[in-house]
Amino acid sequence: MSAGPRSGTPQPSQPWTPSKPSTAPAGQERVKAEGREITATDDAVKGADVVILAVPDTVLGVVSEGVVPQMKAGAILLTLDPAAAYAGLLAKRDDVVQAVAHPCHPSVFLERTTKEEWADTFGGQGAPQNVVAAIDEDAPDATKAAAEATIRIIYAPVIDVHWVTVKQLAILEPTLVETVACMIGTLLNEALHETVHTAGVPEEAAKAMLFGHVQIALTNALRGSNPFSEACEIAIQYGKDTIIKDDWKKIFDDSELDGVIAKMLKLEAVKH
């Protein structure tokens with residue numbers, strides 16, 4: 001899967017909904033509450049232009065083995081996370097196109113003007129978000145356009161769809177956003193806990209200071225809004241020396257990416 005020039009975006013057929021009577025009853029009830037009907041998987045897959053596998057990464061391989069042989073020629077198999085595609089777990093057919101699309105979630109720097117946008121931190125409701133996607137490099141332009149049209153529907157409202165290779169998407173998630181960003185989020189929470197429960201700072205005061213300074217730290221470091229003060233730079237360097245390992249950038253090595261994805265998918269090794 002790799003990037004390619006974007007073309008027009010014809011509207012796809014209705015995305016496939018998973019469906020056996022014993023599968024995800026709570027999810028099926030939500031689908032019915034939206035006024036939609038449940039179709040048996042075998043019936044839905046055979047006529048679908050796009051089949052979306054919205055299942056856990058650890059079962060994507062098994063599910064795809066049951067679905068892909070039934071898909072019509074030229075159809076698109078769309079997954080929502082890159083790990084299984086990167087690990088080579090998905091069933092393949094020469095006449096079925098594979099694509100992956102993952103939401104970026106509304107940016108911390110998004111200009112929000114309504115209550116609905118402010119309330120939507122995850123995406124898919126009031127606040128627009130970007131999506132990063134990958135598709136088979138030999139996919140026809142019309143097929144890629146149909147994939148993008150579907151992606152814009154399932155993650156709406158969407159600002160843009162950024163096309164990359166499946167490996168680049170795997171570097172973005174897990175390495176950049178889970179291994180680094182989500183880890184730092186949990187570290188901030190642990191630091192807040194220590195500030196309150198070990199250092200004895202009142203919780204509301206600690207939260208007020210942290211939540212405001214998180215925004216300043218992000219905008220100064222990522223957007224260059226303002227320089228950090230000389231004293232702050234000294235504290236930043238002390239934090240790096242004390243908390244971060246000198247060899248932390250090894251997480252961008254291919255072997256490290258393979259290793260963490262194997263752990264995520266509960267595999268002995270990743271096969272490309």
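**Charges over rings**

Mentor: Let's begin with a side-chain detail: in this predicted model, the charged end of arginine 112 sits over the ring of tryptophan 118, 6.0 Å from its centre.

Trainee: Nice. And what does arginine 223 lie over?

Mentor: Arginine 223 is over the face of phenylalanine 109, with 4.6 Å to the ring centre.

Trainee: How many aromatic pairs does the structure hold?

Mentor: The count there is 0 aromatic pairs.

Trainee: OK, let's zoom out. How many helices and strands are there?

Mentor: The protein has 10 helices and 5 strands. Its C-alpha atoms fill a box of roughly 65 × 45 × 40 Å along the principal axes.

Trainee: And what share of the residues is buried?

Mentor: Of the 272 residues, 35% are buried. As for contacts between residues at least 6 apart in sequence, 64% join residues at least 24 apart.

Trainee: Now helix H7. What span should its 32 residues have?

Mentor: At 1.5 Å a residue they should span 46 Å, and the end C-alpha atoms are 43 Å apart, which agrees.

Trainee: Where does H7 bend?

Mentor: At glutamate 178, by about 35 degrees.

Trainee: Which residues of H7 are buried?

Mentor: They are Val166, Leu169, Ala170, Glu173, Pro174, Thr175, Val180, Leu192 and Val196.

Trainee: What covers them?

Mentor: The cover includes helices H4, H8 (203–223) and H10, along with strands E3 (97–103) and E4 (129–135).

Trainee: You mentioned H10, so let's go there. Which of its residues are buried?

Mentor: H10 runs over residues 254–264, and its buried residues are Leu257, Ile261 and Ala262. Seen down the helix axis, the buried residues of H10 fall within an arc of 130 degrees, so they line one face of the helix.

Trainee: And which exposed residues are on the face turned away from that buried side?

Mentor: Ser255 and Lys263 are the exposed residues carried there.

Trainee: What covers the buried residues of H10?

Mentor: Helix H4 (83–86) and helix H7 (166–197) are included in that cover.

Definitions and conventions: Residues are numbered from 1 along each chain as its sequence is written. This is a predicted model: local features need pLDDT of at least 70, side-chain atom pairs count only at pLDDT 80 or more; totals for chains, interfaces and linings use all residues. Side-chain values use heavy atoms; hydrogens and water are left out. Buried means under 20% relative accessible area, exposed over 50%, partly exposed in between (1.4 Å probe, protein chains only). Helices (H or I, at least four residues) and strands (E, at least two) are DSSP runs, numbered from the N terminus. The arc is that of the directions from the helix axis to the C-beta atoms. Contact means heavy atoms within 4.5 Å. The expected span of a helix is 1.5 Å times one less than its number of residues. The bend at a residue is the angle between axes fitted to the seven residues ending there and the seven starting there. Rings of Phe, Tyr and Trp (its six-membered ring) pair if their centres lie within 6.5 Å; planes under 30 degrees apart count as stacked, over 60 as edge-to-face and the rest as tilted. A charge sits over a ring if NZ of Lys or CZ of Arg is within 6 Å of the ring centre and within 35 degrees of the ring normal.
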